[in-house]
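Trainee: Please show me the assembly. I would like to go through it chain by chain.

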Amino acid sequence: MIATVWRVAGVGFSLLLVLIAALLYGDSASQHAFLNSQIGEVTIGFAVRTDDLTVLLLAVVGVVATCVQIYSLGYLHERAASYHALVTLFTAAMAAVVVADSLFLLLIGWEVMGACSYLLISHYWERREARSGAVKAFLMTRLADVGFLFGIFVLGVGAGTFRISALDPAQIDPGVLTTGTLLLLVGVVGKSAQVPLQTWLPDAMPGPSPVSALIHAATMVAAGVFLIARLYDVFAASATTMTVLAIVACVTMLYAALCAAAAVEVKRVLAWSTVSQLAIMFAALSLGTHEGRHAALFHLVTHAAFKGLLFLCAGVLLHQVGSAAFVVLRRYTRRGRLRKALPVTFVTMTIGLAALAGVPGFAGFFSKDSVLEAAWEHAHGGSVVGWFVLVSVGLTAGLTAFYCMRLWLWVFFRTPALAGAVGAFEADDPMADLEDPDTSKLKDASWLMLAPLVLLALGAIALGYVDGLHLNWVVALASTVVVIFGVLPAYSLWSRGADPRPVLLEREFGVDRAYHALFVVPVRWLSKLSVLGDRDVVGAYVRAVGRSGALASQGFRLLQTGNVQTYLTAAVVGVVALAVLAGVIAS
Amino acid sequence: MTTALFAVAAVVAVVSAVLVVTSRRIVHAALWLVVTLGAVAGCFGALHAEFVALVQILVYVGAIVVLVLFALMLTKAPTNPLPTLTTARSPFAAAVAGVLALLLGTGVVIAFGKEKIKPVPAGDAETVGTAIFKTWVLPFEVLSVLLLAALIGAIALSQRKSGES
Amino acid sequence: MITVANDDFAAGVLLAILALPVLAALALWALPVQLGERLAALYGAVVSGLVLVGSLLLWTPANGWIAYVSGGETLAPGEQVKPLHGVTDVPWIPSLGVRFHVGVDSISVPLIVLTALLTFLCCVYSLKITPRIGRMRSLVALLLVIEAGVIGAFSAMDLVLFFVCFEIVLIPMWLIIDIWGDDHDAPGRKRAATTFVLMTVFGSALMLLGFLLVFRQAGTFDLVQLTNSPVLDGHGVPLAAALLIAVGLAVKVPLWPLHIWLPDAHAKAPTVGSVILAGVLLKLGTYGLIRILVPVLPDATVTIAPYLGGFSTVAIIAGSLACLGQTDVKRLIAYSSVGHMGFIGLGIATLSPAGMKGALFANIAHGIITGLLFFLAGAIKDRHDTSDLATIGRALYARLPRIAALLTFACLASLGLPGLAGFWGEMLVLLGAYDPADSLPRATYLVFMVLAGLGTVLTAAYFLRLVRKLCQGDPAEHPAGAFAVDLSRIELITWTPLITLTVLLGVWPGLLLHQWGSL
Amino acid sequence: MPLVLPLLLAVVLFCLGVYGVLARRNAVTILMSLELMLNAVNLNLIAFDAWRLDGLATGQTLAVFVITLAAAEIGLGLAIVLLLFRGHGHVDADAARDLAEADEREESPT
């Protein structure tokens, strides 16, 4: 009953967002402040605004949330009430971020998203990796949010206002501006899982797949991109911040693409791919040009469509097959049955992967090209950052094509060279020798789940054209070549049944382990130290005071001999001493 | 003349008092107390307080010491010398008493070293009686009540059964 | 500048809510035992309900939420004036210049309302859920005495009166821990009670010495006079007085390293005792710092503020780290108070409007949230007969889904999630530390700010650890016991106001912030 | 006659009394020593009376009072001594330690 109410409420709320976005479309920008209170010289309170960016993001959030809510009706059966309630709350929080004109309203939405993300990742709280992934996600983003909060302080106090529309970079001291934007960047890096706070996103994958689609692909992680786009004037005014952003983005996109190329679980590949794609958006933003911002937002929209689609497809695999690990999927694919049993999923996933890889004609191709174009133009203007971004995005495009192809082939196709024989993933599978799993009952998911797939798949194609076709043919050609160079090795490896995964990549460069040793272990030690310190140092003083009191009383009790003459002697001695003292003082 | 008389009585009092607190025989101590009290009575006489001296002899020597002797007998005090008549603290007690004596003596000498007493006969029964019953009649009555209280107290104490607490 | 408003109604209400609980407690003790035992909780609920109504009447419309205006209008420049109302001022010990001087202003009213609310909820909770040892008559009576003492301390405008009320609270609390505390660990609870009472009495003795020094300097115990003409000069006797008062109150706050009484006292106290102790009693310390130390000894406070801030920061970090290592749910929540009170101390130490308001806000928020947390911990403890994490086992989401969900909610609120009450206090404190008063060393406070910010991450870490250890986990390994009854009606009724306030204050901090004007 | 002479005698007697009270075992001898001290006081009273000659015989009156008090005191004191004897079979003040702190160790509070 309650679950039904929340289901309806969830779908309704997301549709409402779409409706609001549609109503606001074309409206002139405006702001409205409410519930403010004066604290010293600054005002703390709430404010909302509407402008093109708000409408765009509201539309994205609304559409993806609607798809996810509908999809979840079919996907999720247990604990549906809390699930739908949290997804709705998340959607509301994301909407708050999008419409916020007050940095505090933005922060509220920002962190409530984080909390919802935490709660939704741990939706399957029976599973250990879900629990630890959730905690990790929350703590890493929380750490970043501290920087974000401080950034708000620095900017807000520096500008004398916490209203986004009132932040004027020209009015702020350049040092303050750089500090503030760098601190905000910390929050952005955490939320969007960029280097060095990237490790939480892949570990967030034990959450339900629709949640991954909504939160960890389309909306929340893209909130960082949105934030920089929102405060673009402020960020662009600080060259240092933009350079740092460029470096972070370029390192992240390559790092994450490499990690994705070695991951052996569909959702993990997609997670790393998300990190990498977000980095592409940041790289576009870091150009500091209008084209860069436009390209980033374009990519954000298309990415929301195709990555949301891909995660929902992975969800279908999980739901129908029971696992999205390559090893398990290969058991079904060996006979080529997966593709035939799940035709809709196969087609939509192919579209999604094509869009992600940047195959010409799909949305991802256009949006990525607009990034490349912006970088190219910027680089042409003599910017080192522009060149840097151009090269990195180019390399990443190749790597992206590689891991998309690898994923597609290994999940859906039996290896031609060794039809029926042992391929890379079969060799690792202890159950490979057993009977083939019973695939007779394997069928595509219900229409509730497939409808969003189809919708998003259409988006993953059509969204590329909504921006109008203005291709720079040189860039387009070059990126197509890069894609082909990425696809070919993946195909050749697969056809030989090989999947070389360098240890370095498989361990994701050991970052997780290093963080564990650098942060988790010392904190554990410190916590032990603190507990022991309280017990054995601070507590010891207190106990020592108590003991010394008890000991002193033991000692003084000995004076109580019961012998009257002793008492009298003491009294006389006391009188004599007092008399002497009086004499001494008097003289 | 009175000074000489006083000096003699004083020497007797001191010597006997020393014997009171050092004698190994308790009964002897009680008897030396008689001597001391008598000598002090002599001192009173030398100071022209004849009435007080008489009261001293009557009450102290006549009543109190007899009471003490009764008490000694009732508590089965041995008449032979006792080595353990003083406690182990006696040297310390002596030291304390000595220091106290030194202190008081010094104080007395410093304060009254040059004062003289002119012996005037002013201690007969009439004078004292007049003083008590004219000037000090209220304290006297209070004192009598106190005496009564002490009497009752002593009776109450002696009526108590042993072991009752 | 404090001005005194003359209004007989408020004065009458204040005197009534001071006298009513005491008289009611005495009357309760006068009742026959059986009747008293049976009616105690109901009686207490009625009395504390009346007090709650009275305290709400004290909430002045003039500067309060009724006159709240949206759109960011600020009050007139005259808002610097802090009006004191409900004043009663009669001589008490004339030879010492001590007066029975009570009155309330916007700082004390929210705290008084919080006190009345929590006491009321505790009494309502006791209608159905009582400590195993029984003796409800005395428990309720002691709760009422504590309520009166705390309200007295929050409304006292005379140092000696403040001290007396401060002390009145201690003995009932000591008895509550000692008699109704953890019935599995008699020596432990006695030790906890003794440590609690001895340390706080020690603290208040130091505070009294400080008051006497203030009296020597200023010649009066009257807070209104002292606030209007404070003891200037930050050296010598004023400094000594400030130190004594600060240390004395720091025991109560409690500030690291004087916090050692707190975990035991909270862990061993019965549920209602923990709620009152954490929700109300700890506030006496921070209230004293704000009400007495800062206005009366301004220069000396500037001298000691960086040290106060430093110790508060250590409290935040050390308290959070200690929480990470706890194995007992009540102790963990108790230790979390150390960290949260550290935030409040830091806010006071900034001496800036933002920091002060943050401290005041965090005071209220901590009272509400930690009250809720202790109610929840008590509920879990009652159901499992232990508060040890390992013994309770995991997967409460499966066994007690509603209570576990509420626990998660309370944990999120306590870790300062924006949108819930815990956030604004901490945020304003950090903002205050970013921009402290001009007389303070800013670089030092920036370090405090960064450390406190890391403290919020540690806070999140231990609360998530708690949720993970307690609520999540494989239900197969920890099957539900027959005794596991989920959220009962009385619990829902008692906790609803706290939950509502947590959300309300989270989304509408102006409700309280506006009350304080620009302080 | 110099005033110090009786005063010094009083000092000596008093201190001998003090010694006796502090050092003697037998309760009766302690009482006797007390009498010595009271006598020393009386001596002081008489001596100062003779010195000042106030006409009211204050010192002598007080001395008579003190003697009366001494009688009362010795009466009570001996009653106590007898009670001690009845209870313990001896009158050794040094051995009467009923009021000594019991030697059992209690739980320390912390």
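**Chains and contacts**

Mentor: Chain B and chain C do not touch, and their nearest C-alpha atoms are 35 Å apart. Touching rests on contacts, where two residues count if their C-beta atoms, placed from the backbone, lie within 7 Å. This is a predicted model: local features need pLDDT of at least 70, side-chain atom pairs count only at pLDDT 80 or more, and totals for chains, interfaces and linings use all residues. Residues are numbered from 1 along each chain as its sequence is written, while chains are lettered from A and ligands numbered from 1 in the order in which they are written.

Trainee: Which chains have the most contacts between them?

Mentor: Five pairs of chains touch. The most contacts are between chains B and D.

Trainee: What is the end-to-end C-alpha distance of residues 62-85 of chain D?

Mentor: UniProt, in an unreviewed entry, places a "transmembrane region" there. Its positions use the numbering here, feature names are shortened, and annotations may be inferred rather than shown by experiment. The span is 100% helix and 0% strand. Its end C-alpha atoms lie apart by 34 Å.

Definitions and conventions:
Helix = DSSP H or I, 4+ residues; strand = E, 2+ residues; numbered from the N terminus.
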